[in-house]
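Subject: A structure for you to look at

Hi,

Here is the structure I promised to pass on to you. Please open it and have a look around before reading my notes.

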Amino acid sequence: MGYIRSFLPWIAVAALTGTVDLRWAVLTGLVLAAGLVVVQLRSGRGWDALVIECSAVVFFTAYAVAAFAAPDSAALAHYGPPLSSLWLAATAWGSLALGRPFTLGIARTQVPGHLWHSPLFLRINRHITIVWASAFTLSGIGGVLLRHYAPDAGTARTLLTVATFVLPVMFTVRYPDIARARLAAVREGASR
């Protein structure tokens, strides 16, 4: 559930965009992101578990400034959602490039400390982050293309958004058990 909580600001903005003025939707995302950072820091979470939340603060700050500066900008409303996915993609790929997959901090809140530096734990988090980064990239590029070439394809955009969120969630939930089972099978085969 830590992953879903991290994405609450993004989910809120996606749900509000089109139903309320874009400025207020984006401001809601900014307030939620900043609130999550403050609440989680006070509860003892480290900065490494708040990569997505901090990224959201930066993105929604810039987006809010743009939305308030140009409240009638159709491009902001039109391309904002896929740009948010591309921002998340950049965040995820950047965390991988730095050797600190964004999922590590979240996962460390859910497993004992003695596992944090194990090769399996690190590999699992690299793979999970790659899946999320790929999903964000697909969502962003697909969203831009749909908005440009099929601006009325709201159902297709919704399906793309849902698929590129639900599939990584399912992978995140299931993959650690699969990876541990594979390692156990390899160890069992090696001991024979």
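This is a predicted model: local features need pLDDT of at least 70, side-chain atom pairs count only at pLDDT 80 or more; totals for chains, interfaces and linings use all residues.

The largest pocket has a volume of about 790 Å³. It is lined by 33 residues, and those closest to its centre are Trp-10, Ala-14, Pro-81, Ser-84 and Thr-161. Which elements give two or more residues to this lining? They are helices H2 (8-16), H4 (51-69), H5 (74-97), H7 (119-149) and H8 (154-191). H8 gives the most, with eight residues. If you sort the lining by class, you get 19 nonpolar, 11 polar and three charged residues.

The helix pair

H4 also packs against helix H3, which covers residues 22-42. The angle between H3 and H4 is about 155°, and their axes are 8 Å apart. Angles over 145 degrees count as roughly antiparallel, so H3 is roughly antiparallel to H4. The crossing of H3 past H4 is left-handed.

Where do H3 and H4 make their contact? On the H3 side you will find, among them, Trp-24, Leu-27, Leu-30, Ala-33 and Val-37. On the H4 side the residues include Val-57, Phe-60, Tyr-63, Ala-64 and Phe-68. By class, this contact has 17 nonpolar, three polar and two charged residues. Arg-23 of H3 and Glu-53 of H4 also take part in the contact.

Enjoy exploring, and write back with any questions!

Best wishes

Note on methods:
Residues are numbered from 1 along each chain as its sequence is written. Side-chain values use heavy atoms; hydrogens and water are left out. On a 1 Å grid over the protein atoms alone, a cavity is a set of points where a 1.4 Å probe fits but cannot get out, and a pocket is an open set with protein on both sides within 12 Å along at least five of seven lines; lining residues have an atom within 4 Å of a point. Grid points are joined across faces, edges and corners, and a volume is the space filled by probe spheres set on the points. Helices (H or I, at least four residues) and strands (E, at least two) are DSSP runs, numbered from the N terminus. Ala, Val, Leu, Ile, Met, Phe, Trp, Tyr, Cys and Pro count as nonpolar, Asp, Glu, Lys and Arg as charged, and the others, Gly among them, as polar. Axes are lines fitted to C-alpha atoms, for helices over the stretch in contact, and angles run from 0 to 180 degrees between N-to-C directions. Angles under 35 degrees count as roughly parallel, over 145 as roughly antiparallel, 65 to 115 as roughly perpendicular and the rest as oblique. A crossing is left-handed if the near helix is turned anticlockwise from the far one by less than a right angle, and right-handed if clockwise. Contact means heavy atoms within 4.5 Å.
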